[in-house]
Amino acid sequence: MTLFQFLQTDHEREGNEEQDAEEGDDMLNISFADPYGELVDSDAFIENTEWTVQWGFAGNLREVRKVLVKRTSYRFGEVEVECLDKGSTMRLEERWDVVKGKTKKDIISMICSRYGLIPTIDPQFNEIIPNFNWGGKTDYDVLQYLRSRSPDHTFKILADRLIFKRRRLDAPPLSTFDY
């Protein structure tokens with residue numbers, strides 16, 4: 001595991017975009033200066049190597065994220081690396097499993113165990129599903145399905161945790177602005 005921490009200046013921040021894990025795979029592109037070719041043999045740039053990354057301003061860093069190296073390009077004096085969020089692997093493999101007499105919480109925990117994730121699940125997910133068929137869906141599709149059956153819930157993957165929780169839509173706002 002490799003740990004990187006990226007600090008930005010005000011002017012670098014303008015070009016960065018962040019994506020929500022529900023909308024698409026989070027992607028991270030990094031370029032390393034390597035004028036002497038010292039990084040070419042590094043094991044840190046092998047495909048599917050897990051990195052722990054954190055970015056932001058000094059004193060205002062984002063949460064730590066786990067990413068997997070997907071593509072490395074070597075050019076004279078530079079190494080360019082593309083990484084995807086650890087949860088992106090959930091979209092790859094279709095399953096044909098059938099589970100009987102399991103709760104939603106059990107199904108989410110099964111998915112977490114496949115990817116080495118720690119489940120953080122709302123305690124009210126103890127409803128038993130008599131017969132659940134994956135039916136050629138990916139694990140990500142199953143999580144989307146379970147979320148759709150609980151309209152006030154959401155899920156996301158942060159670092160090594162899969163968070164499946166109720167959104168507090170009826171809660172008072174955290175802050176208000178007057179114009």
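This is a predicted model: local features need pLDDT of at least 70, side-chain atom pairs count only at pLDDT 80 or more; totals for chains, interfaces and linings use all residues.
Strands E3 and E4 form a hairpin in which two residues lie between the strands, and Gly 59, in the turn, has a positive phi of about 85°. The pairing of E3 with strand E4, residues 60-61, is antiparallel and runs over two bridges, and within it Gly 56 stands opposite Leu 61 of E4.

How enclosed is E3 by the rest of the structure? Six of its eight residues are buried, so strand E3 is largely enclosed.

One of the residues of E3 leads on to the aromatic side chains. A search of the whole structure finds seven aromatic pairs, among them the pair of Phe 32 and Phe 45, which is edge-to-face, with 5.6 Å from centre to centre and 65° between the planes. Phe 32 lies in strand E2 (residues 27-34), whereas Phe 45 lies in the loop between E2 and strand E3 (50-57), so this pair ties together parts that are 13 residues apart in sequence. Phe 32 and Phe 45 are both buried. Phe 32 also forms an edge-to-face pair with Trp 51, at 6.3 Å centre to centre and with 80° between the planes. This second pair links distant parts of the chain, since Phe 32 is in strand E2 and Trp 51 is in strand E3, 19 residues apart. Phe 32 counts as buried because its relative accessibility is 16%, which is under the 20% cut-off, and Trp 51 is buried with a relative accessible area of 0%. Together, Phe 32, Phe 45 and Trp 51 form one aromatic cluster.

The loop between E2 and E3 also holds Asn 48, a residue that has a positive phi of about 70° although it is not a glycine. With a relative accessibility of 45%, Asn 48 counts as partly exposed, whereas Phe 45 is buried.

Strand E12 pairs with strand E13 (residues 161-166) in the antiparallel sense over six bridges, and the bridge partner of Phe 155 is Phe 164 in E13.

Helix H2 includes Arg 114, whose charged end sits over the ring of Trp 134, 5.1 Å from the ring's centre. Leaving aside neighbours within four places in sequence, Arg 114 is in contact with Arg 95, Asp 97, Trp 134 and Asp 139. Of these, Asp 139 is 25 residues from Arg 114 in sequence, and the two are 9.6 Å apart in space, C-alpha to C-alpha. Arg 114 is partly exposed, with a relative accessible area of 29%. Another arginine, Arg 91, lies over the face of Tyr 140, at 3.8 Å from the ring centre.

Taken as a whole, the protein has three helices and 13 strands. Of its 179 residues, 37% are buried, and among contacts with a separation of 6 or more, 62% are between residues 24 or more positions apart.

The mean pLDDT is 80, and 86% of the residues reach 70 or more. Confidence is lowest in helix H1 (residues 10-13), at a mean of 37, and highest in strand E11 (residues 137-138), at 93. Over residues 7-22 the pLDDT is below 50, and this stretch has 32 contacts in the model beyond near neighbours in sequence.

Technical notes. Residues are numbered from 1 along each chain as its sequence is written. Side-chain values use heavy atoms; hydrogens and water are left out. Two strands pair if DSSP finds at least two bridges between them. Helices (H or I, at least four residues) and strands (E, at least two) are DSSP runs, numbered from the N terminus. Rings of Phe, Tyr and Trp (its six-membered ring) pair if their centres lie within 6.5 Å; planes under 30 degrees apart count as stacked, over 60 as edge-to-face and the rest as tilted. Buried means under 20% relative accessible area, exposed over 50%, partly exposed in between (1.4 Å probe, protein chains only). A charge sits over a ring if NZ of Lys or CZ of Arg is within 6 Å of the ring centre and within 35 degrees of the ring normal. pLDDT is the predictor's confidence in each residue, from 0 to 100. Contact means heavy atoms within 4.5 Å.
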